[in-house]
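User: Could you walk me through this model, starting with the packing? I'd also like to know what your terms mean as we go.

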Amino acid sequence: MFKALALKAALAATVIIGWAVAAAAQAPPAAPPSNSPVFRPTLGDLMTAFVQPRHLKIGLAGQTRNWEYLAYERHELEETFEAIEKLVPRYRNASMEDLLKMVEEPLKVLETAIKARDAAAFDAAYAKLTDACNACHVATEHRMVVIQVPRASMFPNQNFAVPKP
């Protein structure tokens with residue numbers, strides 16, 4: 001009898017603890033205290049942290065003609081631009097949607113070249129994408145930010161060559 005009672009008590013305690021854990025997991029996180037520093041990335045931060053590395057990886061993978069990885073990374077770049085458009089809807093006096101139209105067509109041309117696995121078309125499309133990035137920098141009065149085809153990798157721990165079967 002005592003064993004049965006102890007087992008029921010343990011089971012009840014487990015259920016109660018489970019409910020408490022589930023309730024705590026569903027509660028929204030507490031807001032940071034008002035004196036807590038909150039990092040709000042600027043457009044420059046987003047471009048340097050997310051766009052520039054993707055552009056670089058596309059360039060490096062393009063040099064090795066790693067078509068599968070290129071398709072992945074081109075899509076990631078496109079998604080990054082979409083996220084930036086939501087995070088920074090306006091930059092100075094321009095809508096981010098209008099600014100990002102500069103890279104819209106080059107990204108489509110790049111996608112076509114990648115799908116066709118056409119090396120010459122890829123090189124031309126990547127150059128157009130790079131030119132579009134620089135045109136956007138000029139339009140936003142950041143002509144000193146000049147993007148180029150990468151000459152070296154900042155990712156020494158990543159191999160951009162096509163994996164061997």
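Analyst: An axis is a line fitted to C-alpha atoms, for helices over the stretch in contact, and angles run from 0 to 180 degrees between N-to-C directions. This is a predicted model, in which local features need pLDDT of at least 70 and side-chain atom pairs count only at pLDDT 80 or more, while totals for chains, interfaces and linings use all residues. Residues are numbered from 1 along each chain as its sequence is written, and side-chain values use heavy atoms, with hydrogens and water left out.

User: OK, what does the secondary structure come to?

Analyst: The protein chain has five helices and two strands, where helices (H or I, at least four residues) and strands (E, at least two) are DSSP runs numbered from the N terminus. Along the sequence, the pattern reads α-α-α-β-β-α-α.

User: And how do the axes of H4 and H5 cross?

Analyst: Helix H4 (residues 96-116) and H5 have axes that come within 8 Å and cross at roughly 170 degrees. That makes H4 roughly antiparallel to H5, since angles over 145 degrees count as roughly antiparallel, under 35 as roughly parallel, 65 to 115 as roughly perpendicular and the rest as oblique. Among the residues making the contact (heavy atoms within 4.5 Å) are Leu99, Met102, Val103 and Leu110 of H4, together with Phe122, Tyr126, Leu129 and Cys136 of H5.

User: What about H2 against H5, at what angle do they pack?

Analyst: Helix H2 (residues 43-63) packs on H5 at an angle of about 160 degrees, with 11 Å between the axes. H2 is therefore roughly antiparallel to H5. On the H2 side the contact is made by His55, Leu56, Ile58, Gly59 and Gly62, and on the H5 side by Phe122, Tyr126, Leu129, Thr130 and Cys133.

User: Switching to rings, how many aromatic pairs does a search of the whole structure find?

Analyst: The search finds five aromatic pairs, counting rings of Phe, Tyr and Trp (its six-membered ring) whose centres lie within 6.5 Å, with planes under 30 degrees apart called stacked, over 60 edge-to-face and the rest tilted. One of them joins Tyr69 and Tyr72, a tilted pair at 5.8 Å centre to centre with 40 degrees between the planes. Tyr69 and Tyr72 are separated by about one helical turn because they sit three residues apart in helix H3 (residues 67-87).

User: Is Tyr69 buried or exposed?

Analyst: Tyr69 counts as buried at 16% relative accessibility, the cut-offs being under 20% relative accessible area for buried, over 50% for exposed and partly exposed in between (1.4 Å probe, protein chains only). Tyr72, at 44%, is partly exposed. The rings of Phe122 and Tyr126 also have centres 5.8 Å apart, but their planes lie at 15 degrees, so that pair is stacked. Phe122 and Tyr126 are four residues apart in helix H5 (residues 119-139), about one turn of the helix. Phe122 is buried at 2% relative accessible area, and Tyr126 is buried at 3%.

User: Which residues form one aromatic cluster?

Analyst: Tyr69 and Tyr72 form one together with Phe155 and Phe160.

User: I keep looking at Cys136. What is Cys136 in contact with, leaving aside its neighbours within four places in sequence?

Analyst: On that basis Cys136 contacts Leu99 and Met102. Cys136 lies in helix H5 and is buried at 14% relative accessibility. Its C-alpha is 9.5 Å from that of Lys101, although Cys136 and Lys101 are 35 residues apart in sequence.

User: And past the end of that helix, where is Thr140 found?

Analyst: Thr140 is in the segment after H5, and its relative accessible area of 11% makes it buried. Apart from neighbours within four places in sequence, Thr140 is in contact with Tyr91, Arg92 and Leu99. Leu99, as it happens, is also a partner of Cys136.

User: Last one: Gln63, what does it touch?

Analyst: Not counting residues up to four places away in sequence, Gln63 touches Val149 and Pro150. Gln63 lies in helix H2 and is partly exposed, with a relative accessible area of 46%. Gln63 and Asp123 are 60 residues apart in sequence, yet 8.6 Å apart in space, C-alpha to C-alpha.

User: And for the chain as a whole, what share is buried?

Analyst: Buried residues make up 31% of the 165 residues in the protein chain. Of the contacts between residues at least 6 apart in sequence, 64% join residues at least 24 apart.
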